[in-house]
Amino acid sequence: MEVEKGVPALVGSASGTIVEIGPGSGNQVSRYDRSKVTKIYGIEPTTSLHPKLRENIKKAGLSDIYTIVPCALQDVETLRKYGVDKEAFDTVLSVQVFCSVPNPKEMAAALWGLLKPGGTMIIYEHVKSGDYISSKVQGPFEKLEIGRR
């Protein structure tokens, strides 16, 4: 469950040219502060989520500045075709994504490389479950921090 004050504030603080990692069906798109945003690239490899994501982008009034990038972060060739490249972004945003990747440190390093000098990486993540079975499914939890390049 998201902290209702925390997540909207984090998403709302994203500015400039943004890359959103794993937007899913677009739960966060209504939380962007359009006055701070130039362009958003949403990297979402699960194409079955794209119709709902497009719908939420439209509802949020972001259709003209939000581009869905239909690939995984590891697909460098496709990312480049969409303009996702090293040191190209003011903000990298990831909300509840790191819990589902096999190597969060490797992913964090890749995302850090997308930031322009002075850019901001915003990561909001679940806490590790207290339930034994759920915690085993989550795997090892590592603390991730918000940082500025």
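Tutor: A crossover is called right-handed if, with the strands pointing away from the viewer, the path from the first strand over the helix to the second runs clockwise. Helices (H or I, at least four residues) and strands (E, at least two) are DSSP runs, numbered from the N terminus. This is a predicted model, in which local features need pLDDT of at least 70 and side-chain atom pairs count only at pLDDT 80 or more, while totals for chains, interfaces and linings use all residues. Residues are numbered from 1 along each chain as its sequence is written, and side-chain values use heavy atoms, with hydrogens and water left out.

Student: OK, so which hand does the unit of β4, α4 and β5 have?

Tutor: Strand β4, helix α4 and strand β5 form a right-handed β-α-β unit, with β4 spanning residues 89-95, α4 residues 104-114 and β5 residues 115-124.

Student: And do β4 and β5 pair in the parallel or antiparallel sense?

Tutor: They pair in the parallel sense, over six bridges, where pairing takes at least two DSSP bridges between the strands. Within this pairing, F89 stands opposite L115 of β5.

Student: How many residues of β5 are buried?

Tutor: Seven of the 10 are buried, which leaves β5 mostly covered; buried is under 20% relative accessible area, exposed is over 50%, and partly exposed lies in between (1.4 Å probe, protein chains only).

Student: Switching to the helix, which residues of α4 are buried?

Tutor: P104, M107, A108, L111 and L114 are buried in α4. They lie on the same side of α4 because they cover an arc of only 110° around the axis, taken from the directions from the helix axis to the C-beta atoms.

Student: What's exposed on the other side of α4?

Tutor: There, K105, E106 and A109 are exposed.
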